[in-house]
Amino acid sequence: MRLTVKLLRFVLFFLCFPLTLLFAQESIVYVAPLSTGFYHTGMVIPLSALFYKAVDADTAWRYKGRPNNRISGMAFHAPSKGKYMALATHTGVHQSFDYGKTWKVTSGWQITEVNHVAYDPINPDIIYCSSPYGFYKTVDAGKSWTKHNKGLQSINAQFVSSFIIDHSNPHVLYCSTEDVAYKSTDMGESWQKMGLRIRHIRTIVQHPKDAKVLAVGTEDNGIYFSRDGGKTWGKRDTGIFASTFYTIAFDPSNPDVIYAGGFQTGVYKSTDGGKKWKQYFKGLPILDIHAIAIDPQNSNRLYAGTMGKGVYRSDDGGQTWAFAGVKNGLISAIKIESF
Amino acid sequence: MTRKFFQLFLLLNLLSVPFAQAQSKTYQHYLKKFHERKAWFISNYDTLSRESYSAIAARYAMNKDIKWADKTFIKMLQHPKGAMFWMFPVVNCYMHGKGKMSPEVEKAVRHAWKTYAPSRGDTENHWAMWYTCLFLMSEQWPDLPGSEWARGTSSEENRKEAKEYLFDWARITTTIGQGEFDSPDYILEYMVPLTLLAQFAQDPQMKKLGEMLTDYIMADFAVEHLDQQYIGGYSRIYERNLMNFHTSASSIFAYVYFGVGEALKHGWVLFPVLTDYKLPEIIYDIATDRSKSYIHRERKRVRNVIRYGEERNPPVYKYDYITKDYGIGSLMGGILQPIQQHTWGVRYTYGKPYSIIFGMHPYWSLHEIGMFFPEEVKTSMAAITASKTTYNNPDKWTGGSPFERTFQHKNTLIALYDIDLGTTSNHIDGFFPANLEKRIIDDSGWIICKAGDTYVGWYPLQPGQWSKEYELKKQAYNTKTSSSVNDGTMKLRNYRLRSYNLQNGYVVEVRSKDEIGSFDNFKNKLITHIPKAAMTPGNVSVKYKTLDKDIMEFAFPNTRKLNGKTVDLTKTPLFEGPFLNAEVGSQMLTMTYKKKKMVLDFKKLQISKNY
């Protein structure tokens with residue numbers, strides 16, 4: 001019996017291996033800079049744009065658009081393999097319907113200073129975005145947008161810094177605001193406060209496998225975790241000597257490994273689900289980190305977006321870093337996709 | 001009988017029309033002189049050899065040297081750079097050159113708009129310029145698909161979005177007030193697009209909107225104008241222009257449109273001058289008649305508050321007292337606009353253009369930046385100071401403070417400060433120009449100044465020290481706010497009165513010779529009026545009997561009493577005074593001058609006048 005199972009696994013392996021090779025996709029790193037070069041609030045540097053590169057090509061970044069915009073975030077519609085792309089910019093939501101070849105502003109004057117954008121995981125016509133004025137949704141690919149601030153009552157609550165769609169249930173969304181963190185169970189139509197009473201939340205992320213595990217980075221209070229879908233929260237800061245976190249990333253292949261970065265942080269790493277943290281900064285020219293992304297095909301390789309010195313790469317799980325491109329870029333977001 | 005009476009009434013009305021619409025002799029004379037000033041202004045640019053959009057636009061408009069204009073325009077279009085500050089010069093050149101320029105230039109302009117996407121920016125003036133230019137160019141090529149515009153939206157989509165925004169901006173401005181209000185500098189960034197819209201829009205509603213908003217902005221300036229100066233406070237001003245008003249755009253507009261003061265020029269002011277915009281007679285009257293002193297009040301709004309606030313656009317209350325010799329104006333204090341706010345000042349007709357006395361608390365904070373800018377707060381200071389270099393300088397001369405409040409009644413102003421320990425800057429400053437005829441530090445405690453026929457008294461509620469500051473070379477304004485070190489070639493610019501007490505304040509009295517007689521008389525009266533003040537943390541207050549015997553009681557932050565009655569600022573209309581009146585929410589501005597009346601009705605998009 002054991003021999004039969006072993007034999008079956010052996011046969012399956014050799015049957016599947018060529019298929020794996022056939023469908024293996026090279027990972028592409030997409031980087032959204034808020035600006036490159038010297039950065040002025042209210043002033044846009046012409047080079048500011050979206051870049052992308054192949055993981056193994058050191059600094060050969062390829063330009064994808066969109067000039068004269070401060071880009072805060074980006075989204076890809078995964079089922080279409082990146083045919084539909086969206087950018088969160090200070091001039092609204094820009095979309096591409098042809099793999100980034102051409103772009104169009106698909107939000108009117110009412111939507112400005114966009115912080116974050118995301119596609120519904122199934123329907124590319126449904127797009128969400130957030131700004132300092134609240135949460136917006138389109139169901140017709142950007143032809144019309146509606147503001148959904150029900151539950152986000154105060155000025156601070158309407159400053160939605162980031163949001164995520166629950167990967168186990170696309171009707172559930174979570175958002176971080178200058179007030180507290182909020183949850184929606186009706187696809188962003190209305191919002192309710194979660195159990196966390198800390199204010200000025202800068203980012204919110206979800207465990208890649210256990211949907212009930214959430215983490216937030218805050219402006220002044222470090223990192224908090226919830227293990228029950230946002231009902232209760234606890235601070236995890238053993239080993240952390242910083243208070244402001246703009247980004248948190250779970251390793252998709254081993255979610256006990258978590259990275260975090262923010263103001264004067266370098267890159268913090270936890271290997272036990274956030275209980276203990278260790279700081280790394282060797283090779284980083286500044287300690288202000290706004291984005292971290294982990295290569296899904298190689299857990300030891302990760303990218304950090306600095307606030308003014310471009311993109312840095314680590315090939316040893318964050319211990320050492322080397323410049324990887326977008327010189328002097330103030331990097332707001334990084335994504336690694338296989339399209 | 002009734003029918004005959006009605007016929008007679010109709011006849012009289014018809015007969016009166018030609019008289020009512022006739023221009024007064026004064027206005028005819030004004031227009032003649034206005035056209036002379038325009039011609040002079042344009043002549044500075046239509047033969048200018050330096051390559052600039054102003055030189056190109058002037059040549060096209062005057063139909064001169066079109067070949068040079070074509071060649072230069074094509075060259076400049078090859079490397080588009082900048083946002084709306086690229087758009088409006090290009091639109092101006094194109095509009096004035098249309099029908100005169102070669103097909104190659106037309107093609108180059110079209111190519112630029114197809115391939116170059118200028119940023120929309122993030123301020124009220126940015127958007128006014130950006131959307132106006134987008135609208136006008138989308139009218140020029142009315143049926144193009146999105147692929148022919150750099151932002152990917154079609155001509156129709158561009159026009160729709162731009163029209164929606166500009167009408168919404170007009171609605172907000174005429175309902176709760178302008179955000180970037182009363183700016184001697186940024187008035188330019190409104191006049192340029194609005195006059196463009198009035199001149200070149202094909203859509204009749206947009207054309208009318210442009211015309212009405214231009215009148216609105218100019219009326220708002222006219223009522224606070226004194227001898228080429230804009231009476232403060234202001235939402236935004238650059239420091240250099242605060243001390244030397246000749247470098248502000250409003251002074252150039254005052255020369256061209258009000259016919260007042262020195263002939264000044266600026267390449268961007270050329271663009272409104274090239275249009276057919278004429279100041280309505282009533283606005284000219286309001287701008288120039290200072291035969292009677294008056295109180296004028298306004299309500300504006302704070303720029304969009306995006307965090308750390310309770311209200312998106314809290315109100316701003318402004319109070320002015322203006323005579324033929326001086327004007328004193330104030331905002332009520334607090335953080336009303338980021339970075340460049342000027343809360344109060346006295347301006348007068350002596351010693352121009354260095355004719356201002358004011359005070360302030362030089363405050364800055366990440367909290368203030370976070371209130372108005374969406375970037376990460378902790379890393380934003382470098383970004384702000386990259387363009388607004390004086391923002392975090394304790395010696396700066398512009399900016400609002402949450403620890404400052406004012407109370408003005410006619411020509412008396414009280415400013416109080418209750419500064420938190422540990423905040424940026426533990427001092428307040430007073431600015432006294434060096435060219436004052438007299439600056440007497442009297443034993444009574446009053447500082448008594450003479451500026452021609454204007455007398456200013458300043459009573460500090462806490463002790464202070466004086467220092468001298470010198471005129472900076474022009475380029476130094478980009479890096480410093482002031483210099484207290486004279487390299488031997490520098491001219492004394494001002495005296496700074498600095499007081500380090502956290503609980504602080506002063507009383508300012510202003511009178512003219514016409515109002516009080518001699519300077520000695522002013523001085524002798526003033527020294528008998530000593531304010532009674534309490535200066536402890538949490539209890540900063542003052543009681544003062546003015547030279548006109550009014551009793552002002554003021555407790556920080558917002559308790560104001562005049563002759564025992566509480567002053568309720570919340571009832572302040574959009575405009576209130578002898579010349580301009582508008583209720584909050586009305587979308588209607590009524591201008592009055594003697595028997596003349598003009599109404600801008602933004603609900604009906606209609607201008608009506610009785611003269």
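Which two helices of chain B have axes that come within 11 Å, and at roughly what angle do they cross? Let's start there. They are α8, residues 155-173, and α10, residues 204-222, and they cross at roughly 35°. Helices here are DSSP runs of H or I with at least four residues, strands are runs of E with at least two, and both are numbered from the N terminus. The axes are lines fitted to C-alpha atoms, for helices over the stretch in contact, and the angles run from 0 to 180 degrees between N-to-C directions.

A quick word on what you're looking at. This is a predicted model, where local features need pLDDT of at least 70 and side-chain atom pairs count only at pLDDT 80 or more, while totals for chains, interfaces and linings use all residues. Residues are numbered from 1 along each chain as its sequence is written, chains are lettered from A and ligands numbered from 1 in the order in which they are written, and side-chain values use heavy atoms, leaving out hydrogens and water.

Back to our helix pair. The crossing of α8(B) and α10(B) is left-handed, meaning that the near helix is turned anticlockwise from the far one by less than a right angle. On the α8(B) side, the contact is made by B:Ala162, B:Lys163, B:Leu166, B:Phe167, B:Trp169, B:Ala170 and B:Thr173. From α10(B) come B:Gln205, B:Met206, B:Leu209, B:Leu213 and B:Tyr216. Contact means heavy atoms within 4.5 Å. Sorted by type, the residues of this contact are nine nonpolar, two polar and one charged. For that sorting, Ala, Val, Leu, Ile, Met, Phe, Trp, Tyr, Cys and Pro count as nonpolar, Asp, Glu, Lys and Arg as charged, and the others, Gly among them, as polar. And here's a handy bit of background: an α-helix has 3.6 residues a turn, so residues three or four places apart point the same way.

Now keep an eye on B:Lys163. Its side chain meets that of B:Asp203 in a salt bridge, 2.8 Å from N to O. B:Lys163 is in helix α8 and B:Asp203 in the loop between α9 and α10, so the pair ties together parts of chain B that are 40 residues apart in sequence. The rule for a salt bridge is a side-chain nitrogen of Lys or Arg within 4 Å of a carboxyl oxygen of Asp or Glu.

Is B:Asp203 buried or exposed? It counts as buried, because its relative accessibility is 16%. The cut-offs are under 20% relative accessible area for buried, over 50% for exposed, and partly exposed in between, with a 1.4 Å probe and protein chains only. B:Lys163, at 22%, counts as partly exposed. Leaving aside neighbours within four places in sequence, B:Asp203 is in contact with B:Phe135, B:Glu139 and B:Lys163.

In α3(B), residues 53-62, eight of the 10 residues are buried. Those buried residues pack against α2, α4, α5, α6 and α13 of chain B. After α3(B) comes B:Asn63, with a positive phi near 55°. In α14(B), residues 281-288, seven of the eight residues are buried, including B:Tyr284 and B:Asp285.

Over to chain A, which has two helices and 28 strands. Of its 339 residues, 59% are buried. Here's a salt bridge to find: A:Asp179 with A:Lys193, 4.0 Å from N to O. A:Asp179 sits in the loop between β13 and β14, A:Lys193 in strand β15, and they are 14 residues apart. A:Asp179 is buried, with a relative accessible area of 4%, whereas A:Lys193 is partly exposed at 48%.

Another pair is A:Arg202 and A:Glu219, with the closest N and O atoms 3.5 Å apart. Both of these residues, A:Arg202 and A:Glu219, are buried.

So where do the chains meet? The contact takes 41 residues from chain A and 39 residues from chain B. About 3,300 Å² is buried between them, with carbon and sulfur atoms giving 53%; buried area is the accessible area (1.4 Å probe) that two parts lose on being put together, summed over both. The rule finds six salt bridges across this interface. One salt bridge to look up joins A:Glu178 and B:Arg307, with 2.7 Å between the closest N and O atoms. Both belong to a network of salt bridges that also links A:Arg202, A:Glu219, A:Asp220, B:Glu376 and B:Lys378. Over all chains, the salt bridges come to 51.
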